[in-house]
Amino acid sequence: MPRALLAVTATLWLLAAPGVRAEESKPHAHAADAPAALPRTPRPADAVLYVISPADGATVRSPVTIRFGLKGMGVAPAGVDAPNTGHHHLVVDAPTPPLDLPLPADAQHIHFGGGQTETTLELPPGTHTLQLILADKAHIPHDPPLVSERITITVE
Ligand SMILES: [Cu+2]
């Protein structure tokens, strides 16, 4: 009798195992089929992202120090998976990029993957726009995205 019970148990395990494997591989197959549907990191609904300084409309001299403000969440370096954290990105003189993909990295989309909360930029004379975007360990904005107001400054 014990031997029969063992056989039943083994059969059940064999039946269950392929099902488990198929379930695990599903998200990967789905991600490959639909590259736009990247996993998004949730964030607190009351978090706020803003430029501390310069003030919107300010006239400043280059180089310009820009300080990043964040309430309701913490800053963590890129690659660090900690709840309710992200790292700053500064969009300079560019529209808001797509918020469901990793943010671009170029002169107009600057990543602060080290966890920096301010930067100093050389900007030519004229008006410039600045906007902050927080993003997760993989540089993908949170769900919902946390984006600051876009401010305009004038460099003398
Ligand atoms: Cu980034």
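This report describes a predicted model of one protein, from its overall make-up down to single residues.

## Model and confidence

Residue numbers start at 1 in each chain and follow the sequence as written. Because the model is predicted, local features need pLDDT of at least 70 and side-chain atom pairs count only at pLDDT 80 or more, while totals for chains, interfaces and linings use all residues.

The pLDDT is the predictor's confidence in each residue, on a scale from 0 to 100. Its mean over the protein is 85, and 77% of the residues reach 70 or more. A contact here means that the C-beta atoms of two residues, placed from the backbone, lie within 7 Å.

## Overall make-up

The protein has 1 helix and 10 strands. Helices (H or I, at least four residues) and strands (E, at least two) are DSSP runs, numbered from the N terminus. Along the sequence the pattern is α-β-β-β-β-β-β-β-β-β-β.

Of the 156 residues, 17% count as buried. A residue is buried if 20 or more other C-beta atoms lie within 10 Å of its own, exposed if 12 or fewer, and partly exposed in between, with C-beta atoms placed from the backbone. Among contacts between residues at least 6 apart in sequence, 67% join residues at least 24 apart.

## The nonpolar core

A nonpolar core is a set of buried Ala, Val, Leu, Ile, Met, Phe, Trp, Tyr and Cys residues joined through C-beta atoms within 7 Å. The largest such core holds 15 residues, and those that touch the most other members are Leu49, Val51, Leu90, Leu130, Leu132, Ile133 and Leu134. Two or more core residues come from each of strand 1 (48-53), strand 3 (64-71), strand 5 (85-92) and strand 8 (126-135). Strand 8 gives the most, with 5 residues.

Leu132 shows what such a position looks like in terms of contacts. Setting aside its neighbours within four places in sequence, Leu132 is in contact with Leu49, Val51, Phe68, His88, His89, Leu90 and Ser148.

Strands of a sheet pair through backbone hydrogen bonds, either parallel or antiparallel. In this model, 3 strands form an open sheet in the order 1-3-7, with antiparallel pairing. Strand 1 and strand 7 (118-121) are the edge strands, each pairing on one side only. From one strand to the next, the twist averages 25°. This angle is taken between N-to-C directions and runs from 0 to 180 degrees; axes are lines fitted to C-alpha atoms, for helices over the stretch in contact.

Two strands pair if DSSP finds at least two bridges between them. Strand 1 and strand 3 are joined in the antiparallel sense over 5 bridges. Tyr50 has Gly69 of strand 3 as its bridge partner.

Pro42 lies in the loop between helix 1 (2-33) and strand 1. Pro42 counts as exposed because 11 other C-beta atoms lie within 10 Å. Not counting residues up to four places away in sequence, Pro42 touches His142 and Asp143. Pro42 and Pro144 are 102 residues apart in sequence, yet their C-alpha atoms are 7.0 Å apart.

Leu38 is found in the loop between helix 1 and strand 1. With 12 other C-beta atoms within 10 Å, Leu38 is exposed. Leu38 touches Asp100, Leu101 and Ile140 when residues up to four places away in sequence are not counted. The C-alpha atoms of Leu38 and Ile140 are separated by 8.4 Å, although these residues are 102 apart along the chain.

## Backbone details in other loops

Ser53 and Pro54 are joined by a cis peptide bond, with omega about 0°. Pro54 sits in the loop between strand 1 and strand 2 (59-60). The peptide bond from Ser62 to Pro63 is cis, with omega near 0°, and Pro63 is in the loop between strand 2 and strand 3.

Asn84 is not a glycine but has a positive phi of about 60°. Asn84 is in the loop between strand 4 (74-75) and strand 5, and is partly exposed, with 14 other C-beta atoms within 10 Å. Asp93, in the loop between strand 5 and strand 6 (109-111), has a positive phi near 55° and is a residue other than glycine. Asp93 is partly exposed because 14 other C-beta atoms lie within 10 Å.
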